[in-house]
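Have a go at each task before you read its solution.

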Amino acid sequence: MKVTVAHLYKKLEELDRDVVELKKLTDRLASDREYSPILKETFVSEMNKLEDQKSEILKLNVSHTLPLAKKPAVASEKTIPTPTQVSEPKKPEKPVRKY
């Protein structure tokens, strides 16, 4: 499976953002509620999972590959008309009104 470094970087940013959000939620939980310990435990567990995913991404080996060079097109007897060669009736341009 080929993945670009940009995709990995975006995923790392997403993981970091999620960890920060979970940390904020953990800090804002009221400690006097009976559900607070369960939620905190769940948030910490999810933060650990996200950190594990982040470390797995950081362990990946990156191989540098160059894009395949395109072969020059062989001129054939058929010519494909370019947009300047095709004569289409042009529509008159209407002025753009800004409100």
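Two residues are in contact when they have heavy atoms within 4.5 Å. This is a predicted model, in which local features need pLDDT of at least 70, side-chain atom pairs count only at pLDDT 80 or more, and totals for chains, interfaces and linings use all residues. Residues are numbered from 1 along each chain as its sequence is written, and side-chain values use heavy atoms, with hydrogens and water left out.

**Exercise 1.** Decide whether S36 is buried or exposed, and find its contacts.

*Solution.* Start with the location: S36 belongs to helix α2, residues 36-59. Helices here are DSSP runs (H or I, at least four residues), numbered from the N terminus. Next, check accessibility: buried means under 20% relative accessible area and exposed over 50%, with partly exposed in between (1.4 Å probe, protein chains only). S36 has 2% relative accessibility, so it counts as buried. Finally, setting aside neighbours within four places in sequence, S36 contacts L29, A30 and S31.

**Exercise 2.** Work out what the buried residues of α2 pack against.

*Solution.* First list them: S36, F43, M47, L50 and I57. Then look across from these residues, and you will find α1. Take I57 as an example: beyond four places in sequence, I57 touches L8, K11, L12 and L15.

**Exercise 3.** Compare the span of α2 with its expected value.

*Solution.* Count the residues of α2, which number 24. The expected span is 1.5 Å times one less than the number of residues, here 34 Å. From first C-alpha to last, α2 reaches 34 Å, close to that expectation.

Conventions: Helix = DSSP H or I, 4+ residues; strand = E, 2+ residues; numbered from the N terminus.
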